[in-house]
Amino acid sequence: MLPETTTDPATDTTKRDPASKSAHIAHCLTPAVEYAKRAGFERYDFVHQALPELDLDKVDLGTRFLGKAMRAPLMVASMTGGTERARILNQRLGAAVEKHGLAMGVGSQRVGLEDPERAHTFQVRDRMPTALLFANIGAVQLAKGWTHKEARAAVKMIGADALFLHLNPIQEAAQGGDVAWAGLRDRIRAVVQELAADGIPVVAREVGFGMATETARQLVELGVAGIDCSGAGGTSWAKVEQLCAKTPRRAKMGAAFGEWGIPTVDSILNVRAASATIPLIATGGLRSGQHVAMALALGADLGAMARPFLVAADKGETALDEFIQDTLLELRIAMFGSGCADVAALKTRPVLRPGTAAR
Ligand SMILES: Cc1cc2nc3c(=O)[nH]c(=O)nc-3n(C[C@H](O)[C@H](O)[C@H](O)COP(=O)(O)O)c2cc1C
């Protein structure tokens, strides 16, 4: 656990209500926020290779994403910022990401844009000077008057390489948040074009409800540089909102939509049905190195996790480091055991077969 001094001061007051950020972290540390529904990895097994003709230590986990080299295809999904506790977690995560050559996204920066005094809680560049870093804003803010200016400011705030625009209509609707989504697509297109002119890739991401083929097609048509299909089967953001609800009606809506969403495995396949080449991150219910390997074998370019990194980072730097080492070793063994010398082989060879559970 974080030391007591890292809890949020009782004096916290901002327009975006940092108390809700603290509640998000507190609830996401418990398994109550997880879907009962599975992400779908149980539907597959790896085709075991008893004679892999490889040295385990020589298996190459290195890859590139959005032009940047990574030492492994693993990412810390967008999570947090806005409070002192979030700042400490971000710093821990950033240092671990740099050490292992991974990538990371910070949480929605709205609170930092609305209250510059909170911007420092998103800073991780000092800890991860070279690793791939994503800024993050909610796409729906564009329907409320935000433009490329705020998008640029979010990137500049943390010295990011790229921007996530998160799509979270069910979360917003369940919590009684921002629900005017009409007209958003043209605004996304405009921001994508403006930032592309600065050399900043914009990647659209769900927050855990998954991606339909139709949505992925629309996003590709809008010109996004990549997609994080963040699907169902891990953290349910309707359940998080149920647990954080301030009124019985909001709790009821969160509960009603707790199992809503497209499982991550289907979301990966859906995006790939829309585009064979769009850079694709798979998030949502990845809980092991084998899940990361499977996500890549199904068509993703990176595997990302949110809640598992939060739980490990909350325990401390050592626990976080062990978690990453274990995850990468498991990924390496899965590649070894399926005869894949590198990420390219994992993504092109027929390494999966229907799982026992599916037969
Ligand atoms: C504590 C916490 C805060 C999150 N905050 C954000 C956020 O601000 N913006 C965002 O795009 N996604 C956010 N997410 C969603 C994750 O990036 C991810 O898509 C989702 O939790 C599913 O992944 P998981 O099953 O590995 O947790 C958050 C997740 C957690 C656990």
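Hi everyone. Before we start, one term: two strands count as paired if DSSP finds at least two bridges between them. Please also keep in mind that this is a predicted model.

Let's begin with the sheet. Eight strands close into a barrel here, and going around it the order is 4-5-6-7-8-9-10-11. The pairing is parallel. On average, neighbouring strands of this sheet are turned by 25 degrees against each other, ignoring direction.

For one example of a pair, look at strand 6, residues 132–138, beside strand 7, residues 162–167. These two run in the parallel sense and share five bridges. If you'd like to find one on your screen, Gly138 has His166 in strand 7 as its bridge partner.

Now for a helix on that sheet. Helix 11, residues 289–297, packs there and touches strand 4, strand 10 and strand 11. The direction of helix 11 makes about 140 degrees with that of strand 11.

How do helix 2 and helix 12 lie relative to each other? Their packing angle is about 100 degrees, and angles of 65 to 115 count as roughly perpendicular, so that is what we call this pair. Their axes are 10 Å apart. Helix 2 brings Arg85, Leu89, Arg92 and Leu93 to the contact, while helix 12 brings Phe309, Leu310, Ala313 and Asp314. By class, that gives five nonpolar, three charged and no polar residues.

Finally, the ligand. It is surrounded by 23 residues, and the closest are Ser78, Met79, Arg205, Ser230 and Thr235. A polar side-chain atom of Arg287 lies 2.8 Å from a ligand oxygen atom. From the backbone, a polar atom of Ser108 is 2.8 Å from an oxygen atom of the ligand, and an N or O atom of Gly285 lies 3.0 Å from one.

Technical notes. Residues are numbered from 1 along each chain as its sequence is written. This is a predicted model: local features need pLDDT of at least 70, side-chain atom pairs count only at pLDDT 80 or more; totals for chains, interfaces and linings use all residues. Side-chain values use heavy atoms; hydrogens and water are left out. Axes are lines fitted to C-alpha atoms, for helices over the stretch in contact, and angles run from 0 to 180 degrees between N-to-C directions. Helices (H or I, at least four residues) and strands (E, at least two) are DSSP runs, numbered from the N terminus. Angles under 35 degrees count as roughly parallel, over 145 as roughly antiparallel, 65 to 115 as roughly perpendicular and the rest as oblique. Contact means heavy atoms within 4.5 Å. Ala, Val, Leu, Ile, Met, Phe, Trp, Tyr, Cys and Pro count as nonpolar, Asp, Glu, Lys and Arg as charged, and the others, Gly among them, as polar. A residue is near a molecule or strand if one of its heavy atoms lies within 4 Å of it. A polar contact is a pair of N or O atoms within 3.5 Å; within protein, one must be able to donate a hydrogen and the other to accept it, and residues adjacent in sequence count only if both atoms are side-chain atoms.
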